[in-house]
Amino acid sequence: MRRGAQGKDESRPWRYDFWQNRFGADPGVLGRRLLVDEQLLTVVGVAAPGFRGVEVEHHPEIWVPAMMYPAKIMNPGMWCVWILARRRPEVLRQQLQAAVDVLMRQHLAASYPTSYSAAFRKKALEQRLEVREGGVGLSMLRDEFGKPLAVLMAAVGLVLRWRRASTWPT
């Protein structure tokens, strides 16, 4: 078996649909080693029915825990990482954002010391992590087109309302 980070087995949780369609929902597959994309993997779990991941546009069949690739995720050149966590109900999103802001500032200050050029360091220190509600999933399309579509829908609503008012019988 291929060994992963820190000598641990390469193990993956699976999407429920994949487990059901490919393995007939056989519970005996848990703990087995299977060849997937030329890698021997240990099946460690199956996601709940209906859970397809957190990205609206992407539905992986097998998830890869970040701890399996610590060299990649800890690389200072890694510029795009989504960090997902479950917030305790008694902690407000604003409280969590404040705590994340402090941690991020500390991390950036350590990652970009004063030896960097002032302009580059200023830009690097402006980075931030945004705390969002995850119940609707993450969507690059929603982030990019959500506001323009809302404006377009409002404009369509105004035009329809104007049209209706101008043709209303008197």
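# Report on a predicted single-chain model

Alanine 25 sits in the loop between H1 and E2, where helices (H or I, at least four residues) and strands (E, at least two) are DSSP runs numbered from the N terminus. Its phi is near 55°, a positive value in a residue other than glycine. Most residues other than glycine have a negative phi. At 24% relative accessibility, alanine 25 counts as partly exposed; buried means under 20% relative accessible area, exposed over 50%, and partly exposed in between (1.4 Å probe, protein chains only). Glycine 24, which follows H1, also has a positive phi, near 60°.

This is a predicted model, in which local features need pLDDT of at least 70 and side-chain atom pairs count only at pLDDT 80 or more, while totals for chains, interfaces and linings use all residues. Residues are numbered from 1 along each chain as its sequence is written, and side-chain values use heavy atoms, with hydrogens and water left out.

## Overall features

The chain has 5 helices and 3 strands, arranged along the sequence as β-α-β-β-α-α-α-α. Of its 170 residues, 20% count as buried. The accessible surface of the chain is about 13,400 Å², and 60% of this belongs to carbon and sulfur atoms; accessible areas come from the Shrake-Rupley method with a 1.4 Å probe, and for residues only the protein chains shown count as cover. Among contacts (heavy atoms within 4.5 Å) with a separation of 6 or more, 63% are between residues 24 or more positions apart.

The average pLDDT, the predictor's confidence in each residue from 0 to 100, is 80 for the chain, and 80% of the residues score at least 70. Over residues 1-8 the pLDDT is below 50; beyond near neighbours in sequence, this stretch has 18 contacts in the model.

Which residues make up the largest nonpolar core? It has 9 residues: Trp14, Phe18, Trp19, Val29, Leu34, Val36, Leu41, Val43 and Ile62. A nonpolar core is a set of buried Ala, Val, Leu, Ile, Met, Phe, Trp, Tyr and Cys residues joined through side-chain atoms within 4.5 Å. H1, strand E2 (33-36) and strand E3 (39-46) are the elements that give two or more residues to this core. In soluble globular proteins, nonpolar side chains tend to be buried together.

Leaving aside neighbours within four places in sequence, valine 29 is in contact with Trp14, Trp19, Phe23, Leu34 and Val43.

The buried residues of H1 include Asp17, Phe18 and Trp19. Aspartate 17 lies in helix H1 (residues 16-23) and has a relative accessible area of 16%, so it is buried. Not counting residues up to four places away in sequence, aspartate 17 touches Arg22 and Arg52.

## Salt bridges

A search of the whole structure finds 5 salt bridges, each being a side-chain nitrogen of Lys or Arg within 4 Å of a carboxyl oxygen of Asp or Glu. Side chains of opposite charge can pair when their charged atoms come close. The table lists some of these pairs.

| Aspartate 101 | Arginine 128 | 3.7 Å |

Aspartate 101 forms its salt bridge with arginine 128. This pair links distant parts of the chain, with aspartate 101 in helix H3 (residues 93-111) and arginine 128 in the loop between helix H4 (118-125) and H5, 27 residues apart. Arginine 128 is exposed because its relative accessible area is 51%.

In the second pair, glutamate 126 is partly exposed, with a relative accessible area of 47%, and lysine 122 counts as exposed at 54% relative accessibility.

Aspartate 143 counts as partly exposed at 43% relative accessibility, as does arginine 132 at 42%. Salt bridges that share partners join Glu130, Arg132 and Asp143 into one network.

Leu141, Phe145, Leu149, Leu152, Val156 and Leu160 make a nonpolar surface patch of about 550 Å². Patches are made of residues with over 30% relative accessible area and no salt bridge; like charges are joined within 9 Å, and nonpolar side chains (Val, Leu, Ile, Met, Phe, Trp, Tyr) within 5 Å. One of the patch residues, leucine 152, is found in helix H5 (residues 140-166). Leucine 152 has a relative accessibility of 46%, so it counts as partly exposed.
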